[in-house]
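Hello,

Here is the structure I promised to pass on to you. Please open it alongside this note, and I will walk you through what turned up.

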Amino acid sequence: MRNLTLGDRGREVSDVQKRLLTQGFELGREGVDGYYGPNTRLAVRAFQQRRGLLVDGEVGDNTWRELVETGYTLGDRLLYLREPQFRGDDVLGLQVKLNLLGFNAGAERGVYDEDVERAVLDFQRNAGLVPDGIVGPVTLAKLEALRKAESGREGKKIPDRYGGRVAARSLAGQVVALDAGHGGPDTGVVSASGLTEKDVALALVLRLDELLRADGCQVVLTRSGDQDVPLYERTETVMAADAAFMLSLHANGNDSPEAQGAACYYFQRSHYFSERGRRLAEHIGARLDDAGARFLGSFGRNYGILREPKAIGLLVEPLFLTSPADEGWARRPGFVDRVAAAIRAGLADYLARTPLASERGGERP
Ligand SMILES: [Zn+2]
């Protein structure tokens with residue numbers, strides 16, 4: 001889908017406006033008029049803010065998908081495992097309920113996957129229902145009754161995939177997906193002297209690819225040249241590879257040239273966040289700091305690239321291309337080598353400090 005932005009007109013714009021209005025976002029006097037004016041842009045920004053998305057005031061794939069998914073409430077439709085998988089706030093609500101009751105419905109991504117089905121079957125068996133994995137009125141009524149009975153109890157902490165445990169402490173044998181942000185006509189942020197985010201990201205990814213392969217990793221790239229790859233094609237690549245880790249490389253930008261430093265983003269959606277993602281972010285951030293970046297910290301975001309794959313995912317922005325200081329650093333020889341080496345070292349640190357899958361702590365592998 002083409003991004004919808006200020007000045008656009010048509011049915012697609014009306015559709016976006018209707019969905020925003022239903023969600024309670026203000027469109028001003030114009031209402032649903034099929035014109036992407038300043039008020040629509042403001043409403044889109046408010047929506048993006050609330051959903052933890054990148055706040056750019058445009059409707060691209062990620063924002064569109066979120067707009068569609070917010071439209072569903074639990075009970076609107078039957079939920080079960082199928083291809084393509086059900087996705088939406090109804091699935092998210094189901095996961096939250098199951099997780100609170102102690103049935104492990106996995107990371108709260110709002111996707112009805114195998115983890116959700118297993119939890120539903122588990123729940124149905126426990127509740128004396130027919131275990132068919134189909135969530136309809138009967139299962140929902142039982143869930144609601146149990147929730148009331150259990151309310152006030154602490155929610156359980158839901159582990160990431162494999163309970164966050166890893167198969168080995170070293171990089172050798174790990175499947176790592178690398179995603180260079182932007183590409184083709186989509187340059188991303190451009191520095192004062194013309195350095196583009198898409199090129200910086202790709203240079204870092206290609207160097208990381210070499211380093212990780214030398215460590216014995218199996219590496220998959222979402223793009224290896226200057227192409228514009230749609231978001232959900234990227235996530236398909238990561239999922240098809242069954243990657244344990246996904247690192248997406250970007251660069252930051254800000255209206256103020258003062259903004260400077262490195263940041264890492266892990267998956268977070270409302271109260272749920274990927275604990276492993278956050279730990280990985282801290283390890284990589286510490287190494288970036290050692291390498292000469294000023295590490296600003298790690299932040300939870302609901303970006304599609306982090307949410308879709310089950311891989312422990314991280315979006316890394318080692319610098320602000322809009323900062324003259326950071327740009328100067330990026331122009332110096334050895335920048336790509338140092339930053340790529342720092343990210344590799346952070347991943348190795350994470351692995352070295354994570355319990356092995358064979359060291360059981362009562363968690364299902
Ligand atoms: Zn970017």
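**Domains and overall shape**

The protein is divided into domain 1 (11-70), domain 2 (89-157) and domain 3 (164-352), with bounds that come from an automatic or database domain assignment. Please keep in mind that this is a predicted model: local features need pLDDT of at least 70, side-chain atom pairs count only at pLDDT 80 or more, and totals for chains, interfaces and linings use all residues. Residues are numbered from 1 along each chain as its sequence is written.

The centres of domain 1 and domain 3, taken over C-alpha atoms, are separated by 28 Å. Between these two domains, 7 residues of domain 1 are in contact with 10 residues of domain 3; two residues are in contact if their C-beta atoms, placed from the backbone, lie within 7 Å. On the domain 1 side there are 2 nonpolar, 2 polar and 3 charged residues. For these classes, Ala, Val, Leu, Ile, Met, Phe, Trp, Tyr, Cys and Pro count as nonpolar, Asp, Glu, Lys and Arg as charged, and the others, Gly among them, as polar.

The protein has 12 helices and 7 strands, where helices (H or I, at least four residues) and strands (E, at least two) are DSSP runs, numbered from the N terminus. Its C-alpha trace spans about 65 × 60 × 35 Å along the principal axes. Of the contacts with a separation of 6 or more, 67% join residues 24 or more positions apart.

Buried residues make up 41% of the 365 residues. A residue is buried if 20 or more other C-beta atoms lie within 10 Å of its own, exposed if 12 or fewer, and partly exposed in between, with C-beta atoms placed from the backbone.

**The cores and helix H12**

A nonpolar core here is a set of buried Ala, Val, Leu, Ile, Met, Phe, Trp, Tyr and Cys residues joined through C-beta atoms within 7 Å. In the largest one, of 56 residues, Val205, Phe245, Leu247, Ile284, Leu314 and Ile343 touch the most other members. Strand E1 (175-180), H7, E3, strand E4 (262-269), H9, helix H10 (304-307), E7 and H12 each give two or more residues to this core. Which element gives the largest share? That is H12, with 8 residues. Another core, of 17 residues, lies apart from it and includes Leu79, Val91, Ala119 and Phe123.

H12 (residues 335-352) has 18 residues and reaches 26 Å from its first C-alpha to its last, close to the 26 Å expected at 1.5 Å a residue; the expected span is 1.5 Å times one less than the number of residues. Among its buried residues are Phe335, Ile343, Leu347 and Tyr350. Their cover includes helix H7 (197-214), strand E3 (245-249), helix H9 (275-290), strand E7 (312-317) and helix H11 (324-331). Leaving aside residues up to four places away in sequence, Phe245 touches Gln174, Val176, Ala177, Ala311, Ile312 and Leu347.

Phe267 lies in strand E4 and counts as buried, because it has 29 C-beta neighbours inside 10 Å.

**Helix H4 and some backbone details**

The 12 residues of H4 should span 16 Å at 1.5 Å a residue, and the end C-alpha atoms are 16 Å apart, which agrees. Val91, Leu92 and Leu94 are among the buried residues of H4, which pack against helix H5 (114-126). After H4 comes Gly102, with a positive phi near 95°.

A few places may be worth a look:

- The peptide bond from Glu83 to Pro84 is cis, with omega near -10°; Pro84 is in the loop between helix H3 (61-70) and helix H4 (89-100).
- His182, in the loop between E1 and H7, is not a glycine but has a positive phi near 60°. His182 counts as buried, because it has 23 C-beta neighbours inside 10 Å.
- Asp242, in the loop between helix H8 (231-240) and E3, also has a positive phi, of about 55°, without being a glycine. Asp242 counts as partly exposed, because it has 13 C-beta neighbours inside 10 Å.

Best wishes
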